[in-house]
Structure formats: structure tokens, C-alpha cells
Amino acid sequence: MKREKSHKLFEEAKRYIPGGVNSPVRAFKSVGGEPFFVDRGLGSRIYDVDGNEYIDYVCSWGPLILGHAHPEVIGFIKEVAEKGTSFGIPNVLEVELAKAVVEAVPSIEKVRFVNSGTEATMSAIRLARGYTKRNKVVKFEGCYHGHVDCLLAKAGSGVLTLSIPGTPGVPEGFVSETLICEFNNKDDVKATFERYGDDIACVIIEPVMGNAGVILPDDDFLSFLREITDTYGSLLIFDEVITGFRVSYGGAQARFGVMPDLTCLGKIIGGGFPVGAYGGKAEIMNYVAPDGPVYQAGTLSGNPVAMAAGVKTLEILKRDNPYEALEKKTKRLGDEAKRIFEEKGIAVTVNSIASMTSIFFNSGEPVRNYKDATKSDTEFYSKFFWKILDKGVYFAPSQFEAAFVSVAHSEEDIDRTLQAIRDFVKSI
Ligand SMILES: *Cc1c(COP(=O)(O)O)cnc(C)c1O
């Protein structure tokens, strides 16, 4: 495949934008090479500026569960945009989207819209700290909650080691209240609470990890977190920026039957626009300004065009209830891919739930936490990535990301993808 125009554009982009991109993973560094520039998308397909066509399993990193340029979503956005794009005054679409979120997500009684997932987690943590009047935050190794200073912390060695910043620019003091535990490790969480419990404002977790590849919670892990946070008077925050409206219409909490105190949303609720949200029990949400003392604001929050995309996306998901069909398609993709690799003697672990799946190129051992995930052969993943990209299949440019299947992906798209994987396997 030729990508000359993309190459030229990337050279130009690098002159004006750090690394040529506005979010690091887009630079394709972890698979080595250069990104392509997209021209347009329709349904399950994207087209680059050189005219190449790809079946897209990134789907804008999760938001596009309906696929690209869904006609009903685009139609509604146009209608709303023609009436003006931003006012900073209450509009009816904010209320409609809030109502849809409250009706869908079982633990949310009130919700505040922001402009990104990062803003949602940052605000939820501020609220948890303000509400509990405590400072410490427990997060899990490998969970990504956006680029919030105090959440960009890497675990030090040992269960109870205080964290160190994961990036320059975050003073040690900013992460000194962040405690890191291992996903699916109850003893680790127990020990952390025994030592710091009375100072812990909240536990924040992706109920299904989606940012180290897909990693599922053990059967009783989330309910265990519910119990221990209740015991110590800490809040439980589910970061459902990926899982919200994906793992089920009501998110991971509806699927697993565990109710957090606060939930962070993003991605799907913006229908392809910059939207995030945090919500939860009314008693806690009333602690946010202007009703309460915890300040949080946004010039473009609740923007009518973004709200319109969200409202229409949720309306379609509720009406068409595509979840079972999505899960079936995704499972077929994951299971068949695993079979193709194993027939060739290549061990892999496939983790799937709902419309998200990951193929870990490891020794076939279960992947239950970040450490397990990092045992994968990232060089092999890079080979896989480029080979199937040239066959017109776009998986995420990193081993540690999920593949997202949308409503627009047909059984034929899945077949073509599997054929590309078969061709790759034959070539090695
Ligand atoms: C993407 C993501 C975020 C950050 O959202 P942005 O809109 O990129 O700021 C937070 N949490 C999770 C679980 C995510 O996947």
C-alpha cells in the first residue's frame, strides 16, 4: 500500500505540532513507523488521503459504536448546528442527554457534562475528596483515567510503596496521595486499606480494563471493592469512559450488578464529539457548585452540537438494542482469530467482552492484570499490525489497546478480517 500523501503531511505536521500529533498514541511509535492521515469514514470503513480503504477496529478509540458518519447522527448534528453552535446558556439538549444517562446508568441520579474523559475523572476525584474530606486515591496499575496529574502515577515496587510520577512535569507532591494496587488482587487492596483506610477518599477503577488491552475483573472483584469502600467510608468510582453504553446500555455496573458512588463517562456519550460526564448519587452530586462547595466549570460544557450527537447516539442504541448482536460478532472475531494462530502453533490469549476484544501475543497464559499483559511480544504485534494494515484492516497501533466492533461492522467485514489474519499467519 502506498501512503505518500500521508508521509508528506506527517513531515509537515511534525514542523508545527509536537510529534506531529495531538495525542501521542496516534504517532504509531509503539508499532514503529508513521501514521496515515484520514480523509473520511463511513460505516465500518475509513479512507486515508492516499485513497486506501481500511476496516476500522479503532473507531476513534471507542466512541463510534454506531460506526462512522451514521446518517441519523449526522442529520441531527446539522440541524442543531444551523441554529448556532455555542451559547454558554442552558439548552434543552443538555437536559435530554442528562435524562437519557440517568435513565440508563443505574447508579447515576444526577450528572454533570464536561468536555473529555480526563475532565470527568479529574472532577470526580475532586468531588470525592471534597465530599469525604480525605485526600488519598487508590488506582490500579495499568488503568488509564486520562492525563490527570495525580492519576499519571506508576506503581513503585512492593505492595505498599507510595507512587512516583509517571511523567516529568508532575511534582512528587501531586502523586503522594495516590496509592497503586494490582487489578484483581484483593489482598493488595485489603493491605492498602488496612494501612491508609481512614485517609482514602476514593477508589477509582475501570471496571473492565480497556487501556492495557481488554482485561476482565474476576467474578467477585468489583463487589469486593464495593464492600471494602463501604466499610471504610470511601467512595467507589467506576471510570466507565470506555465501558459506558458499551459493555451494556447501562455500562459495566449494570452488567456486573455492582453500583459505584460516582461514574465517569466519555467516548460513546459524545457520539464522536468531545464530551465527558461524571455522575452519581444526588447527595454526592449536590456537593458540586453551584449547589455545593466543590468548584467545577466549563465554557463549552453542554455544547448543543456535542449534546445532539450524544442524544441521537443513545437514542439509537436504546431503540435498536444492538448489544447481543455486537457481542456475538466480537466473540466470533476473537475466537476465530485465536484458532487461526493456534493452528499455526502461535500461542495467544484473547480477552473479549461485549464489543471489545484484545489478542495478546503471549505464551497463552491468562491475562488478569497489567503485569500479565506486559508479557506480550510487542514486536510480534507490530509485524501483525503492519501486515494486516496492508490488507486493509486497521487494528490499534499498540498491543495494549482494545479492538472495537461497531454496529456497522458486517459479518463480511469480520470474514475479511479473519482472512487477513490467515494471510498474515501464512506469511510467517
Ligand atoms: C479515554 C479514556 C479516558 C480519557 O478520556 P479523554 O477524553 O481522552 O480525556 C479516561 N478513562 C478511560 C477509561 C479512557 O479509556
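Modeller: Happy to! Please keep in mind that this is a predicted model.

Biologist: Good to know. How is the chain divided, and how far apart do the C-alpha centres of domain 1 and domain 2 lie?

Modeller: Domain 1 comes in two pieces, 4–57 and 322–427. Domain 2 covers 71–320. The C-alpha centres of domain 1 and domain 2 are separated by 26 Å.

Biologist: What area is buried between domain 1 and domain 2?

Modeller: The contact draws 23 residues from domain 1 and 25 residues from domain 2. Carbon and sulfur atoms give 58% of the buried area. The total between domain 1 and domain 2 is about 2000 Å².

Biologist: Which three residues supply more than any other three of the area that domain 1 buries against domain 2?

Modeller: Look on the domain 1 side for this one. The trio supplies 31% of the area that domain 1 buries against domain 2. Its members are Y323, I353 and R368.

Biologist: And the polar side of that interface: how many salt bridges are found across it?

Modeller: Nine residue pairs are in polar contact across the interface of domain 1 and domain 2. For a salt bridge, the test is a Lys or Arg side-chain nitrogen within 4 Å of a carboxyl oxygen of Asp or Glu. R255 and E327 pass it, with their closest N and O atoms 2.9 Å apart. Across the interface, the number of salt bridges is four.

Biologist: Let's turn to the ligand. How do the residues of the shell around it divide into nonpolar, polar and charged?

Modeller: The residues around the ligand include S116, T118, H145, E206, D239, V241, I242 and K267. Also among them are G117, Y144, G146 and N211. By class, the shell divides into three nonpolar, six polar and three charged.

Note on methods. Residues numbered from 1 in each chain as written. Predicted model: local features only at pLDDT ≥ 70, side-chain atom pairs only at ≥ 80, totals over all residues. Heavy atoms only, no water. Near = heavy atom within 4 Å. Nonpolar A, V, L, I, M, F, W, Y, C, P; charged D, E, K, R; others polar. Domains from an automatic or database assignment. Contact = heavy atoms within 4.5 Å. Buried area = accessible area lost by both parts, 1.4 Å probe. Polar contact = N/O pair within 3.5 Å; in protein donor to acceptor, adjacent residues only side chain to side chain.
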